[in-house]
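Hi there,

Here is the structure I promised to pass on to you. Please open it alongside this email, and I will walk you through what turned up.

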Amino acid sequence: MRTVAELVRVSRPWVVAHRGYSARCPENTLCAFEAAIDAGADVVELDVGLSADRVPFVLHDATLERTTNGRGPLHAHTATELEALDAGSWFAPEFAGERLPTLQAVLERIGAQVVLDIELRPFAFESRAPDDALERQVHALAERLGLLGSVMVSSFEHGFLTRTGDLPVGLVYAAPPEDAAARCRAHSALFCALNAARATHTDIRRLTHGGTRAVPYTVNDESEQRRLLDWGAGGIITDDPARLRDLLAQR
Ligand code: G3P
C-alpha cells in the first residue's frame with residue numbers, strides 16, 4: 001500500500017511488518033524494510049529516537065547494545081558515530097555491515113513505496129517540545145520529501161501525538177483502558193495498537209464498535225493470529241508479513 005488514503009479504504013485486516021521483516025533481517029534496518037515491501041506488507045512499522053546532535057535515528061531500544069555493536073544510550077552519540085555502527089552482525093553474520101539508518105535515509109529509500117508507521121519512542125518525549133523535537137522533525141522530513149500522504153505516526157506516549165501536525169496517528173497501549181475508543185476518536189486516530197498478550201475479545205470489540213481499527217502487536221503464531229482475526233482485529237503487527245499474508249489469503 002503506497003498511501004494512507006489507499007490503506008484506510010482496505011476493508012480486510014492490515015499486514016503490518018514489525019520493525020520491517022524482522023523474522024528475516026535485523027530489525028529496523030533497510031534490509032528489513034525492503035524485505036517487508038517484497039513480502040507485500042501493507043504497512044512497515046519502525047521506531048525512532050534522537051541522537052546527541054538531534055538527528056532522528058531508527059532504533060527500538062533506548063540503548064545500542066542489543067541490536068548494534070555500540071554501547072550506551074542512543075542520545076549520547078552523534079550521528080557520525082551512529083552511522084559507523086554495525087546493526088546487522090547481532091542477527092546473523094551475513095548481515096555484518098548493515099547500518100543503523102537515519103529516518104531520512106529510510107524515507108528517501110522506501111517512503112514512496114509503502115505506508116510507514118513511525119513509532120515515536122517514549123524515551124524521546126520532551127514536554128517542552130523545542131522546534132527540533134522528534135515529532136516536529138518527523139513532520140518536517142515527511143513534508144520536505146513529499147511523503148505526507150504515506151506517513152503515519154504512533155506512540156505509547158500520546159503527548160507526542162498532539163504535535164504531529166496533520167500526520168495521521170495511532171495510539172499504542174500495553175492494555176487499552178475502557179475508554180480507549182473515545183481517546184482514539186479525540187486524537188482522530190486511524191488505529192489503536194494493543195499488546196496481543198493482554199488483549200481481550202472485549203478490548204477489540206469495544207475499539208471496533210467505537211470506530212477504531214484494533215491492531216494487536218506482536219503476533220507471529222498462526223493460531224493466535226486466527227483467534228485475533230476471529231475477534232475482529234483490523235490488522236496484525238507481525239515479524240513475518242509473508243506468513244500473515246498467506247493466512248489472510250486462505251480466509
Ligand atoms: O507500534 C506498535 C508495536 O510495535 C509496539 O511494540 O515493543 O515494538 O514498541 P514495540
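This is a predicted model: local features need pLDDT of at least 70, side-chain atom pairs count only at pLDDT 80 or more; totals for chains, interfaces and linings use all residues.

Let's begin with strand E1, which spans residues 14-18. Is E1 mostly covered or mostly open? It is mostly covered, with five of its five residues buried. In a regular strand, side chains point by turns to one face of the sheet and then the other. In E1, one side carries Trp14, Val16 and His18, while Val15 and Ala17 sit on the other, and both faces are covered.

Which strands pair with E1? One partner is strand E9, residues 235-238, which joins E1 in the parallel sense over four bridges. Here Val15 stands opposite Ile236 of E9. Strand E2, residues 43-50, also runs parallel to E1, and three bridges link the two. On that side, Val16 faces Val43 of E2. If you follow the chain, E1, helix H2 (residues 30-38) and E2 form a β-α-β unit that is right-handed.

Now for the pocket. How much space lies in the largest pocket? The computed value is about 160 Å³. Its lining includes Gly49, Leu50, Ser51, Ala52 and Arg54, and also Phe123, Ala124, Phe125 and Glu126. Ala62, Leu74 and His75 belong to the lining of the largest pocket as well.

Happy exploring, and do write back with any questions!

Best wishes

Conventions: Residues are numbered from 1 along each chain as its sequence is written. Side-chain values use heavy atoms; hydrogens and water are left out. On a 1 Å grid over the protein atoms alone, a cavity is a set of points where a 1.4 Å probe fits but cannot get out, and a pocket is an open set with protein on both sides within 12 Å along at least five of seven lines; lining residues have an atom within 4 Å of a point. Grid points are joined across faces, edges and corners, and a volume is the space filled by probe spheres set on the points. Buried means under 20% relative accessible area, exposed over 50%, partly exposed in between (1.4 Å probe, protein chains only). Two strands pair if DSSP finds at least two bridges between them. A crossover is right-handed if, with the strands pointing away from the viewer, the path from the first strand over the helix to the second runs clockwise.
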